[in-house]
Amino acid sequence: MDQKVISAIALSVATVCLLPIVGVLAAAAFGSLDTLAQLAETVLWRYTWTTLVLVILVASGAIIIGSLTAWLVVATEFRGRRFFEIALVVPLAFPAYVLAYAYTDVLDHPGIVQSTLRQIMGWGPRDYWFPEIRSLGGAALMLTLVLYPYVYLMARTAFRMQAATPFYAARSLGASPTRAFLTVSLPMARPAIAAGALLVVMETIADFGTVAHFSVQTFATGIYTSWFGLADRGAAAQLAVGLLAFALLVAALEYMNRGKAAFAARGRQETFVRFELSGKRALSAQLACFLPVFLGVIVPTVTLFLMGLRSEQDIFSPRYIRFIENSLILAGIASVITVGAAILLGTFHRILPSRTALATLFIGRLGYAVPGGVIAVGLLVPFARFDNWLDDRMEQWFDISTGLLISGSIWLLIAAYMIRFLAAAIGSYDSGLAAVTPNIDAASRVLGRTSWGTVRSIHMPILRSSILTALLIVFVDTIKELPATLILRPFNYDTLAVQAFRLASDERLEGAAVPSLMIAAIGLLPVILLCVQIGDWRAQQMQQKKAH
């Protein structure tokens, strides 16, 4: 495979990644404005306001929890710190809609909490007030509990790489540890925290399962309602344009922030020496680290397990075996194709560095900022029209019906997965590729290797760990993905996520607990890998300290 072939394939991948954006814009431009005008008079401003408030609440909560816990595990020493350093990452394995199902069963009116209160206090249904879990605040809480690890991981890395000298200087001038953290360490880590917060924002605006279950009207639910409830694809595309504009704005902010983060990470000098916490301060630190783990992992896991025991779902039935097979087939194919595309884009930029190659990488990363519902609409509208056109022509010319050749197959769904998760695969591959110096490539070329031969025989063995990590991340993200799967899946081709959403939509929460637990169990795989990496880093730090 020579450079021209690699360039052609890389440009083709970038073109596919642009299709949803072009498709949404075209469908919105040529669609009727009647439904959109009706939505503008009724719920459009509510969609806008609710989406903005949800983003602000989730981002604020994730920043507070992620920054505080990251600082505690990096700069302080208290009993259980090493456990919490790893445990605080685990909520990342749970989709927010899985937590929504669990907490609805616990906190809703017929749930165990309110039922126990009524029984103990002798209250009637209207004799007391209790916070409504099916609300905007409830959705924000669910999303915060599963998304704060993005900020935690970024902030933890930033605090770990900071020079301790400015912090100690503030302490020597009389500042308390809390004040030194707020005025020195936190501002220094602001670029990394902002990068994590922007990831949280992108995941929040893309969420559908949680807000749909809690009946919170956002742009994501509006797109789905327009598509299926009102049967107006043009209105769905027009709503998708609004969500797309916000997502692209977030992507631009993240891109600009990345340069600031690299600048902020320079100048590492003296590392932190953790200061001991005791008494009430140690207890407060333990409580601050324990609550996110308790609410984000322990409560939903126990609740879903008990709900699953009460359900009538049989995971060994042929029907559930088919759900599992469909999920694994989609995830397996999507992960291989997505990581292959990431390798091609990374290789194209490596062997032919140019503005075109840089543009293909940027376009490949853009999909992560585009919600799954927008990608689905952007792909389905043009390909459905193409299928209908092709079917008409084939019937007219050859008296043969081709049906929904593309839009009725799993391949359009696979393309949506690739576009959505290509950024994660590129990030993992690029992080490993940075360790392969250009001198290695030059030596390979001198010895007669082609560009692709260098990638196959040199890069691949060296980057095996990064490639496996990328495969695992895309695999698990595909298992959890809901909005694109709901819109693009072929008829009667359901996955675990779709089955969980369907049962929860019918208020059969106990049944929804079974596929939800299976999704969470699969989601633990990359989290376990990440925890192993954290443990390896800590072991290396201990060895370095002993060596000195």
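In the predicted model, the secondary structure of the chain amounts to 24 helices and two strands. The chain has 548 residues, of which 52% count as buried. When contacts between residues at least 6 apart in sequence are considered, 81% of them join residues that are at least 24 apart.

On the surface, a nonpolar patch is formed by L287, F290, L291, F294, I298, V302, F305, L306 and L309, which together have about 800 Å² of accessible area. Of these residues, L287 is placed in helix α14, which spans residues 279-310.

Ten aromatic pairs are found in the structure. One of them joins Y320 and F323 in an edge-to-face arrangement, with 5.4 Å from centre to centre and 80 degrees between the planes. These two residues are three apart in helix α15 (residues 318-351), and therefore about one helical turn separates Y320 from F323. Y320 and F323 are both buried.

Another pair is made by Y417 and F421, whose ring centres lie 6.5 Å apart; because their planes meet at 20 degrees, and planes under 30 degrees apart count as stacked, this pair is described as stacked. Both residues belong to helix α18 (residues 410-433), where Y417 and F421 are four residues apart, or about one turn of the helix. Y417 and F421 are likewise both buried.

How values were computed. Residues numbered from 1 in each chain as written. Predicted model: local features only at pLDDT ≥ 70, side-chain atom pairs only at ≥ 80, totals over all residues. Heavy atoms only, no water. Buried < 20%, exposed > 50% of the residue type's maximum accessible area, 1.4 Å probe, protein only. Contact = heavy atoms within 4.5 Å. Patch = residues over 30% accessible without salt bridge, like charges linked within 9 Å, V, L, I, M, F, W, Y side chains within 5 Å. Areas by Shrake-Rupley, 256 points an atom, 1.4 Å probe, with all protein chains shown as cover. Salt bridge = Lys/Arg side-chain N within 4 Å of Asp/Glu carboxyl O. Phe/Tyr/Trp six-rings, centres within 6.5 Å; stacked < 30°, edge-to-face > 60°.
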